[in-house]
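Hi,

Here is the structure we talked about. My notes on it follow below.

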Amino acid sequence: MKKEEILKKIKENGLVAVVRAEHADEAKKITEACIAGGCASVEITFTVPGAHRIIEELAKTYKPEEILIGAGTVLDAPTARIAILSGAQYIVSSSFDRETAMLCNLYKIPYMPGCMTLKEISEALKYGVDIVKIFPGNVLKVDFVKAVKGPMPQAEMMPSGGVDVDNVETWIKAGCVAVGAGGSLTAGAKTGDYGAITDLARRFSANIRAARQS
């Protein structure tokens, strides 16, 4: 799937599941639950031991049409390259890194780095970033998105951290093209309740659609 198609799917669906699984089997079950709930993409974080192997297994198991497999908490270009060669279809970072941006541009892979200021967002856009991750969302709040949209209406943003099923509509109405949801979506995995993840994914998706329609 081409970069433009990946970005289109992420934005159209609006929900990225942030997965911090302890092993590949758990990550696969979370992914299956997300697919059942209508989520279009999962982000396997590199805080998980052997994350690149989990990404590789998931990328071999699922087609992009079923679900997109991304890599999260990517702190540098070497890690991004490992993730991409393992099959990651997009890269997410907690902060912006020029070398990572250039590497992703080289491979034509979407890069979504975390930014906290207008200066960081401006720098990210200069280096070809299509979607800026607003992180941590629970610190910056929705008003930050509204403030950015004034001088930089071209900035497409995705909050991560502090996003839950009850406040997701607020983020979308503020102008965000998608949201990243971690524990608020996948917490059921800790107790083996994957059905709860599916139910929450459906509620997230419904609330995103409702926000866009209003």
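Is Cys 34 buried or exposed? Cys 34 is buried, at 0% relative accessibility. Buried here means under 20% relative accessible area, exposed means over 50%, and partly exposed is in between, with a 1.4 Å probe and protein chains only.

A word on the source. This is a predicted model, in which local features need pLDDT of at least 70 and side-chain atom pairs count only at pLDDT 80 or more, while totals for chains, interfaces and linings use all residues. Residues are numbered from 1 along each chain as its sequence is written, and side-chain values use heavy atoms, with hydrogens and water left out.

Cysteines

There are zero disulfides in the structure. A disulfide is counted when a pair of cysteine sulfur atoms lies within 2.5 Å. For Cys 34, the closest cysteine sulfur belongs to Cys 39, and at 4.6 Å that is too far for a bond. Cys 176 is in no disulfide either; its nearest cysteine sulfur is in Cys 115, 13 Å away. Cys 176 is also buried, at 4% relative accessibility.

Strand E3

Strand E3 covers residues 68-72. Helices (H or I, at least four residues) and strands (E, at least two) are DSSP runs, numbered from the N terminus. Five of the five residues of E3 are buried, so the strand is largely enclosed by the rest of the structure. Leu 68, Gly 70 and Gly 72 point one way, and Ile 69 and Ala 71 point the other way.

E3 pairs with strand E2 (residues 41-45) in the parallel sense, over five bridges. Pairing requires that DSSP finds at least two bridges between two strands. Ser 41 has Leu 68 as its bridge partner in E3. Between E2 and E3 the chain runs through helix H3 (residues 51-61), and this β-α-β crossover is right-handed. Right-handed means that, with the strands pointing away from the viewer, the path from the first strand over the helix to the second runs clockwise.

His 23

Where is His 23? His 23 sits in the loop between strand E1 (15-19) and helix H2 (24-36). His 23 is partly exposed, with a relative accessible area of 41%.

Best wishes
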